[in-house]
Amino acid sequence: MKRITILAFTTLLALVTFGQSTPLSFLYAAPNPPENVCQMQGDAKSDLQAKIAELTDSLVAIIDRQSMLAEENAEKNADEMNAGALRNAGFSGVRAKDVKNAENMSDEEVEALANQMVQQRLNMSMGDLKDLDKLDTVGQKAWAEGIGAEQMANAQTNPKQTKDEQVRFKSQKNMVSQQKSMMDKQAAGESKYRQQLDLLDKDAAKAKKDLDILLEPLFKKLQTASDDAAVGIRQQIHALQDQYCLKFTPRYLIILADYKEYIRKVLPETSKMEANQNKLTKSQTGVDKNIVQTNQLGFEQVKAYYFLLGNIFKYKLY
């Protein structure tokens with residue numbers, strides 16, 4: 001066990017020494033699964049499993065620390081972000097302490113504050129806003145046209161403010177569109193490998209039922225066999241189990257290798273997603289804090305690869 005720990009520690013030390021605690025460095029640090037997975041026994045198998053486990057633990061520790069920082073940032077800046085979002089929506093003058101104070105307000109005080117904000121933004125009371133539900137389609141359309149006309153008048157009165165708002169909204173719209181496009185692309189990539197693994201597991205489960213039928217009489221013989229006879233029976237059992245492993249493990253290793261390459265290629269775009277999300281949050285709230293930590297999403301993607309790597313012996317039955 002000491003030899004295993006030193007082996008994994010050496011890899012971790014290399015990561016720290018060269019300042020490479022990045023998703024890509026962990027991806028490259030992952031040991032390549034050998035082709036003879038089905039034949040691995042004893043220390044060789046244990047060493048590989050231990051190295052994967054220790055690297056995975058280190059990776060999870062980084063992810064947990066980043067998640068904690070992200071939660072702390074979100075909690076610490078929640079009031080200012082909510083206030084900024086309200087100001088961004090047109091409720092000028094809203095401050096973080098107003099949002100914070102609202103947590104301790106009575107229902108009547110909250111309603112009064114909401115009434116004040118709606119009056120400022122739409123020039124109408126909360127009661128008037130609620131009465132809109134009672135209007136028919138024609139009435140609601142007329143109200144919307146009136147609001148539109150008022151906003152056009154305000155735009156002519158404050159052209160610079162209106163232009164700035166239009167530029168900001170257009171920028172936010174573009175960022176949202178980019179984020180969705182990148183997320184959809186990655187979701188499609190993940191789905192491809194998930195489907196391949198699901199199909200493999202389905203085929204393996206079916207074959208396992210057939211294998212169990214063949215193994216059942218051999219295990220029964222083993223219960224009453226002499227020591228000499230038991231050796232031969234175990235050889236028959238292991239031969240059948242090896243056939244099962246050799247049928248499905250190579251498919252798994254091919255999918256795993258392809259998935260590793262997919263992660264390697266997608267990591268730069270994941271960094272763009274993180275930066276884009278933080279930029280969008282800043283634009284929407286006015287708070288210049290990274291809610292998504294650097295490499296946070298990338299580390300999560302590499303963790304998914306490590307999970308699959310840790311299962312390379314899933315079809316080895318002994």
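User: In which helix do K208 and D212 both lie, and how many residues apart are they?

Analyst: The model shown here is predicted. In it, K208 and D212 both belong to helix α9, where they stand 4 residues apart, about one turn of the helix.

User: What do the side chains of K208 and D212 form where they meet?

Analyst: The general idea is that side chains of opposite charge can pair when their charged atoms come close.

Analyst: A residue counts as buried under 20% relative accessible area and as exposed over 50%, with partly exposed in between. K208 has a relative accessible area of 27%, so this residue is partly exposed. D212, with 35%, is partly exposed too.

User: Which residue does D184 meet in a salt bridge?

Analyst: The side chain of D184 meets that of K180, with 2.8 Å from N to O. D184 and K180 are 4 residues apart in helix α9, which spans residues 159-224, and therefore about one helical turn separates them.

User: Are D184 and K180 exposed or partly exposed?

Analyst: D184 counts as partly exposed because its relative accessibility is 40%. K180 counts as exposed, since its relative accessibility is 52%.

User: Which residue forms a salt bridge with K185?

Analyst: The partner of K185 is E269, and the closest N and O atoms of this pair are 3.5 Å apart. E269 lies in helix α10 (residues 227-285) whereas K185 lies in helix α9, so the pair ties together parts that are 84 residues apart in sequence. K185 itself counts as exposed, at 55% relative accessibility.

User: How many salt bridges does a search of the whole structure find?

Analyst: The search finds 9 salt bridges. Among them are the pairs K208 with D212, D184 with K180, and E269 with K185.

User: How many helices and strands does the protein chain have?

Analyst: The secondary structure of the chain comprises 11 helices and 0 strands. Read from the N terminus, the order of elements is α-α-α-α-α-α-α-α-α-α-α.

User: What share of the residues counts as buried, and what supplies the exposed area?

Analyst: The protein chain has 318 residues, of which 33% count as buried. The chain exposes about 19800 Å², and carbon and sulfur atoms supply 55% of that area.

User: What share of the contacts joins residues at least 24 apart?

Analyst: Taking the contacts between residues at least 6 apart in sequence, 76% join residues at least 24 apart.

Technical notes
Residues numbered from 1 in each chain as written. Predicted model: local features only at pLDDT ≥ 70, side-chain atom pairs only at ≥ 80, totals over all residues. Heavy atoms only, no water. Helix = DSSP H or I, 4+ residues; strand = E, 2+ residues; numbered from the N terminus. Buried < 20%, exposed > 50% of the residue type's maximum accessible area, 1.4 Å probe, protein only. Contact = heavy atoms within 4.5 Å. Areas by Shrake-Rupley, 256 points an atom, 1.4 Å probe, with all protein chains shown as cover. Salt bridge = Lys/Arg side-chain N within 4 Å of Asp/Glu carboxyl O.
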